[in-house]
Amino acid sequence: MSTTGANADPLATLGSLPGVAESVESVRKAVDRVYGHRIMRRRSPEITSEAALRGARGSAALSGADWALEEVRRRTDFGGDAEARVMGAALRLSAEAGQLLSIWRQSPLRVLARLHVVAAAAQDDEVGRPRQAGEPVDEPLIELPLPDAQEVSGRLEGLADLIIAGTSAPALVTAAVVHGELLALRPFVSHNGLVARAAERIVLIGSGLDPKAICPAEVGHAELGRAAYLAALEGYVSGTPEGMAAWIAHCGRAVELGARESTAVCEALQRGAA
């Protein structure tokens, strides 16, 4: 996404793209429905905890570790094969995201660095900082052209400036842009998809749209499928108004599906079945 030009709030401009206002309104209604459920008044911490688990499972699925939810509950060791490590990284990020809300608006790049450290769980020199020239990126499921390190640095700074300056754009628009930009840039040597989806979650929570973190967009992204996810991302990367609007709408649908998932959890708790 270009962050240059005369417009002081380019994120707000995206909110006026055709179809985006409808997506924003649909998301707001879906979120309001789950927040209005009677179970939320008494057992919201349980809904939040379950949403975090399901969100982590969904994010890991998009990064190649598509495990059944009960398998995620059952396992205690996530240090084995590659899929287990991906799942472990997703779970750690889900737990960490809520701890970084107060830092995000002041120092988003610091938060992104922290997310990568948590995901990678390693002490290597390249962990927790944007990749440098010549460093490879381990992100095999995203095959889009990879921006060079200089472009990554400039665009990350531009994204951070937008977040720090604040915006009148709806939370969905900001979350979608943060998510899409990180996927397009793949600024770290690994775990970019997991970090991008964790950052989207931080925006949705911190904006006040989903303050209790009960509408896991990662669930929706996984349900919509990897092919649709990558096709929508291509729209974002194209930079066209139609492509950007399609990506925002895709992210909106993911939030709606996350809200639907938590509504089902509320219903199960109400019946005493969970």
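Of the 82 residues in the largest nonpolar core, W104, L112, L115 and W247 touch the most other members. Such a core is a set of buried Ala, Val, Leu, Ile, Met, Phe, Trp, Tyr and Cys residues joined through side-chain atoms within 4.5 Å. Buried means under 20% relative accessible area, exposed means over 50%, and partly exposed lies in between (1.4 Å probe, protein chains only). The model is predicted: local features need pLDDT of at least 70, side-chain atom pairs count only at pLDDT 80 or more, and totals for chains, interfaces and linings use all residues. Residues are numbered from 1 along each chain as its sequence is written, and side-chain values use heavy atoms, with hydrogens and water left out.

**Overall build**

- The protein has 13 helices and 0 strands. Helices (H or I, at least four residues) and strands (E, at least two) are DSSP runs, numbered from the N terminus.
- From the N terminus on, the elements run α-α-α-α-α-α-α-α-α-α-α-α-α. The radius of gyration is 18 Å, close to the 19 Å that the globule rule gives for 274 residues, so the protein is as compact as a globular protein of that length. This radius is taken over C-alpha atoms, and the rule is 2.2 Å times the number of residues to the power 0.38.
- Along its principal axes, the C-alpha trace spans about 55 × 45 × 35 Å.

**Burial and contacts**

- Of the 274 residues, 53% count as buried.
- In soluble globular proteins, nonpolar side chains tend to be buried together.
- Contact means heavy atoms within 4.5 Å. Residues 24 or more positions apart account for 73% of the contacts with a separation of 6 or more.
- What does L115 touch, leaving aside its neighbours within four places in sequence? L115 is in contact with L93, L100, V195, A198, A199 and I202.

**Helix α5**

- Helix α5 covers residues 82-97. Its 16 residues reach 22 Å from first C-alpha to last, close to the 22 Å expected at 1.5 Å a residue. The expected span is 1.5 Å times one less than the number of residues.
- The buried residues of α5 include M87, L93 and E96.
- Buried residues of α5 pack against α3 (40-62), α4 (69-74), α6 (101-104), α7 (108-120) and α10 (192-206).
- At the start of α5, a side-chain oxygen of D81 reaches to within 3.3 Å of the backbone nitrogen of E83.

**Helix α10**

- α10 has 15 residues and reaches 21 Å from its first C-alpha to its last, close to the 21 Å expected at 1.5 Å a residue.
- α10 is mostly covered: 14 of its 15 residues are buried.
- G208 follows α10 and has a positive phi, near 95°.

- Most residues other than glycine have a negative phi.
- A121 is not a glycine, yet its phi is positive, about 50°. A121 is found in the loop between α7 and α8 (149-165). Is A121 buried or exposed? A121 is exposed, with a relative accessible area of 54%.
- H191 also is not a glycine and has a positive phi, about 60°. H191 sits in the loop between α9 (171-185) and α10. H191 is partly exposed, at 21% relative accessible area.
- E143 lies in the loop between α7 and α8. At 73% relative accessibility, E143 counts as exposed. The C-alpha atoms of E143 and A184 are separated by 10.0 Å, and these residues are 41 apart along the chain.

Methods
A polar contact is a pair of N or O atoms within 3.5 Å; within protein, one must be able to donate a hydrogen and the other to accept it, and residues adjacent in sequence count only if both atoms are side-chain atoms.
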